[in-house]
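Reader: Can you walk me through this model? I'd like to start with helix packing.

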Amino acid sequence: MEKRVTFRGWGLPFFLIAPQIIVTVVFFFYPAIQALWQSLFIPDPFGLSSQFVGLGNFIFLLNDEFYAASFLTTAVFSTLVTVCTMVPALFLAVVADRLIKGSGTYRTLLIWPYAVAPAVAGVLWLFMFNTRVGLVSWYLGQIGYDWNHVLNGGEAMGLVVVASAWGRISYNFLFFFAALQAVPRSVIEAAAIDGARFWRRFFTIVLPLLSPITFFLLVVNIVYSFFETFGVIHTITAGGPQQSTTILVYKVFSDGFVGQDLGSSSAQSVILLVIVGLLTVIQFKYIEKRVHY
């Protein structure tokens, strides 16, 4: 017989969930409503008054070629970051799962990069690839490659992708490793007895069983690449060169806090929120159908 915990009255349940409700309202709903309201106005240069323009900010953004370019940049950046975090993390988790000696030390070393803040990670990679004093750029120069992410947009994009994915690999590794530990060994051993080699066992048995955690990480990493990579981009390239690394969330910052166009910045934040919401809905509606629980 199933036993359920019940509370008498509504006071204690409300008291227990009140902190989370307060945090959600203060840090999510209120800023979202404030951004939606400000997106309907254009403030004057001194910030003393605002003029109601309705959907004027949104219409201007849809006709802005620089804003359209940031969509493509965000799509490329988020795809590369998601792939560069999930694939190496899965490979490292598989290797750690097969280790017998030193597996604890191996797992600990892989987890450490996750403790580094994105802005700090950006500074570390910037020092290594600095065009004048960077160690990696110096070695590249020794083999004849002139590294300069300050002027080369492709190199700048590659650097921010690697810096953004570096610390996130540890996060994905933890989930993949835990999922691999939960795969029934009897199923793997039965396939091995039947003559299936390692890679065949992995793609036909292990990988389908990992689909729930893979789907979860796919959603989380896309959201991460849209929002939490701001610190990396700001410290390494500041959106340059020529806005080649200006993703949507960084353009919100550059237009709002640097350009002081709060109306356009608020409209961009609303559009960004809608895009991420639509992506999440699409993922849960179509991609989740391929997930086997």
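Reader: Which hand is the crossing of helix 3 and helix 9?
Author: Helix 3 passes helix 9 in a right-handed crossing (near helix turned clockwise from the far one by less than a right angle). Helices are DSSP runs of H or I, at least four residues, numbered from the N terminus. This is a predicted model: local features need pLDDT of at least 70, side-chain atom pairs 80 or more, while totals for chains, interfaces and linings use all residues. Residues are numbered from 1 along each chain, and side-chain values use heavy atoms, without hydrogens and water.

Reader: What angle do the axes cross at?
Author: Roughly 110°, and the axes come within 14 Å. Axes are lines fitted to C-alpha atoms over the stretch in contact, with angles from 0 to 180 degrees between N-to-C directions. So helix 3 is roughly perpendicular to helix 9 (65 to 115 degrees).

Reader: Which residues meet there?
Author: Leu90, Val94 and Arg98 in helix 3 meet Phe198, Phe202 and Leu207 in helix 9 (heavy atoms within 4.5 Å). Five are nonpolar, none polar and one charged. Nonpolar means Ala, Val, Leu, Ile, Met, Phe, Trp, Tyr, Cys and Pro; charged means Asp, Glu, Lys and Arg; the others, Gly among them, are polar.

Reader: New topic. How much space lies in the largest pocket?
Author: About 480 Å³, as filled by probe spheres set on grid points joined across faces, edges and corners. A pocket is an open set on a 1 Å grid over the protein atoms alone, where a 1.4 Å probe fits, with protein on both sides within 12 Å along at least five of seven lines; lining residues have an atom within 4 Å of a point.

Reader: How does the lining divide?
Author: Into 13 nonpolar, five polar and no charged residues.

Conventions:
Helix = DSSP H or I, 4+ residues; strand = E, 2+ residues; numbered from the N terminus. Parallel < 35°, antiparallel > 145°, perpendicular 65-115°, else oblique.
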